[in-house]
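Trainee: Could we go through this one together? I have not looked at it before.

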Amino acid sequence: MVEDELALFDKSINEFGSKFRSTLSDAPCQMVGLRDAYKDSVKSLTEKLSVKLKEEERMIEMYLEYKNQVNRQNELIQEKKDNLLKLIAEVKDKKQKLEDLRRNIQDLKEEYSRKKETISTANKANEERLKRLQKSADLYKDRLGLEIRKIYGDKLQFIFTNIDPKHPESPFLFSLSLNEARDYEVSDSAPHLECLAEFQENVRKTNNFSAFLANVRKAFTAMVYT
């Protein structure tokens, strides 16, 4: 815009020079009119040029302000982008922790289910063994003078009679249970048998429970006759 005004100004100067040369032979009053016209033209162009320069300055100021606003907006956008990325990372981390927690809970559930199944299987096996022992109670009672009772702590109490000829009803007893390894656990013999631990070890190895009962009865009988 400024270049156009300057070109127009140069054109006006050239036109004025041409008119001035063509009127050198005219009267002095014409020279004065041309001088005044020149001054007016220069004043008008100067004013227009000043206005244009001010407009250009305002345009530059507006451009710089707009550029600053754009830079501030870009900074805000970048800040929001960084915050968003940080939030996404935190969400991913929490999601991963939640997934790990869910897997741990599932593992614990599966482990609990396995242990529950193992315990249930062990309990069923123990119940079956105790049932078999209980079913043999009548037979042992008839042949060996043996009575089997279920007492506290899931124990069975074995009571022998007809051992002491002088006192056939006198009881000779011991207690039997199954430990966590599902092995026989013998205790509480009355009268006390020193060899009870040895009998317990043998029945664990051989699983011959009939022989175990026969040996215990023999041991009680031996105590009566010694």
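Predicted model: local features only at pLDDT ≥ 70, side-chain atom pairs only at ≥ 80, totals over all residues.

Trainee: Okay, where does Q200 lie?

Mentor: Q200 lies in helix α4, which spans residues 196-206; helices (H or I, at least four residues) and strands (E, at least two) are DSSP runs, numbered from the N terminus.

Trainee: And is Q200 buried or exposed?

Mentor: Q200 has a relative accessible area of 12%, so Q200 is buried, where buried means under 20% relative accessible area, exposed means over 50%, and partly exposed is in between (1.4 Å probe, protein chains only).

Trainee: What is Q200 in contact with?

Mentor: Leaving aside neighbours within four places in sequence, Q200 is in contact with Y184, E185, V186 and F212, contact meaning heavy atoms within 4.5 Å.

Trainee: Which residues in α4 are buried?

Mentor: In α4, the buried residues are L196, F199, Q200 and V203. They cover an arc of only 100 degrees around the axis, so they sit on the same side of α4; the arc is that of the directions from the helix axis to the C-beta atoms. The buried residues of α4 pack against β4 and α5 (209-225), whereas the face turned away from the buried side carries the exposed residues A197, K205 and T206.

Trainee: What follows α4?

Mentor: α4 is followed by N207, whose phi is positive, near 60 degrees.

Trainee: Switching to the strand, what does S189 touch?

Mentor: S189 has its place in strand β4 (residues 184-190) and, not counting residues up to four places away in sequence, touches L173, F174 and L196. At 13% relative accessibility, S189 counts as buried, and a polar atom of the S189 side chain lies 3.1 Å from the backbone nitrogen of L193.

Trainee: New topic: how many salt bridges are there in the whole structure?

Mentor: A search of the whole structure finds 7 salt bridges, a salt bridge being a side-chain nitrogen of Lys or Arg within 4 Å of a carboxyl oxygen of Asp or Glu. Side chains of opposite charge can pair when their charged atoms come close.

Trainee: Which residue forms a salt bridge with D188?

Mentor: K155 forms a salt bridge with D188, and the closest N and O atoms are 3.7 Å apart. The pair links distant parts of the chain, with K155 in strand β2 (residues 155-160) and D188 in strand β4, 33 residues apart. K155 counts as buried at 18% relative accessibility, while D188 counts as partly exposed at 42%.

Trainee: What about D93 and K97, how are they separated?

Mentor: D93 and K97 are 4 residues apart in helix α2 (residues 28-135), so they are separated by about one helical turn, and their side chains meet in a salt bridge (3.5 Å, N to O). D93 is partly exposed, with a relative accessible area of 40%, and K97 counts as exposed at 54%.

Trainee: And where do D100 and R103 come in?

Mentor: D100 and R103 are 3 residues apart in helix α2, and therefore separated by about one helical turn; their side chains meet in a salt bridge (2.2 Å, N to O). D100 is partly exposed at 27% relative accessible area, and R103 counts as partly exposed at 40% relative accessibility.

Key. Residues numbered from 1 in each chain as written. Heavy atoms only, no water. Polar contact = N/O pair within 3.5 Å; in protein donor to acceptor, adjacent residues only side chain to side chain.
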